[in-house]
Amino acid sequence: MAVADKGAVAGYSPRSVVLLGPPGSGKGTQAEILARDLGVPAISTGDMLREAVEEGSELGRKVEGIMATGDLVDDATMARVVRERLAKPDAAAGFLLDGYPRTVPQAEVLEEILGGHPQAVILVDVPEEELVRRALGRQRADDTEEVIRERLRVYGNKTAPLVGYYRDRGLLRTVDGHRSIPEVSTAITRVLRG
Ligand code: AMP
């Protein structure tokens, strides 16, 4: 597709964009929409791990138990997964990361892989009460309320510190995620184009 055909984001070429946000913020949906509009892959570590579990690969067998609890897979395993994925040819021209990094050590690994900071970090911000409401509404068959609450707790403890980490480095852009899907997409696009 020609750059001029990319509609709302014509002329904007992302290199490395990180989407940050709590479970239920809609960042996965936004990553897919933006990837299509920008013509770069959306790399979702959650999707990659779920595929590995489905395939029953060595990685899948290793992460299955921890994923079922709502806690995070260890940073060393995730570093391997992301390093391999970003080395694939389709990521060479640019990519959106959905679900990585999720800890400060993971952010440091990403910097090492990229040889610098990501170009932009978009925080999809949604109030906590709304997150619980959304999470219970979209509950996957294998998710109990307990697992959903654990995911939110893990986000608060381990991932939320990335907000300050990226803000301190001047990379954080916050978008109000408490709106319709197209409104949030438009806001992200606007922020990316600066
Ligand atoms: P997600 O679909 O992004 O919510 O990811 C689903 C699950 O995969 C999470 O609850 C974690 O157990 C695991 N996971 C995905 N990405 C990461 C990551 N960057 N670090 C650690 N665990 C992850």
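pLDDT is the predictor's confidence in each residue, from 0 to 100. I started there, since what I have open is a predicted model.

**Entry: confidence.** I looked up the average for the protein chain and found a pLDDT of 90. I also noted that 90% of the residues score at least 70. Residues 1-8 come out below 50, and I counted 10 contacts for this stretch in the model beyond near neighbours in sequence. Where pLDDT is low, the predicted coordinates should not be read in detail. I moved on to the ligand.

**Entry: ligand shell.** I found 14 residues surrounding the ligand, with T45, R50, D71, G99 and Q106 the closest. By type, I sorted the shell into six nonpolar, four polar and four charged residues. Which helix gives the most to this shell? I got helix α2, residues 45-55, with four residues.

Entry: I checked what lies by the nitrogen atoms of the ligand. T45 places a polar side-chain atom 2.8 Å from a ligand nitrogen. For Q106, I read 2.9 Å between a polar side-chain atom and a nitrogen of the ligand. V73 uses its backbone instead: an N or O atom there is 3.1 Å from a ligand nitrogen. I then looked up the cover, and the protein takes up 92% of the 480 Å² of accessible area that the ligand has on its own.

**Entry: R85.** I found R85 in helix α4, which spans residues 75-86. Is R85 buried or exposed? I put R85 down as buried because its relative accessibility is 15%, and the cut-off for buried is under 20%. Setting aside neighbours within four places in sequence, I listed P41, I43, M48, D90 and A91 as the contacts of R85.

Note on methods:
Residues are numbered from 1 along each chain as its sequence is written. This is a predicted model: local features need pLDDT of at least 70, side-chain atom pairs count only at pLDDT 80 or more; totals for chains, interfaces and linings use all residues. Side-chain values use heavy atoms; hydrogens and water are left out. Contact means heavy atoms within 4.5 Å. Helices (H or I, at least four residues) and strands (E, at least two) are DSSP runs, numbered from the N terminus. Buried means under 20% relative accessible area, exposed over 50%, partly exposed in between (1.4 Å probe, protein chains only). A residue is near a molecule or strand if one of its heavy atoms lies within 4 Å of it. A polar contact is a pair of N or O atoms within 3.5 Å; within protein, one must be able to donate a hydrogen and the other to accept it, and residues adjacent in sequence count only if both atoms are side-chain atoms. Accessible areas come from the Shrake-Rupley method with a 1.4 Å probe; for residues, only the protein chains shown count as cover. Ala, Val, Leu, Ile, Met, Phe, Trp, Tyr, Cys and Pro count as nonpolar, Asp, Glu, Lys and Arg as charged, and the others, Gly among them, as polar.
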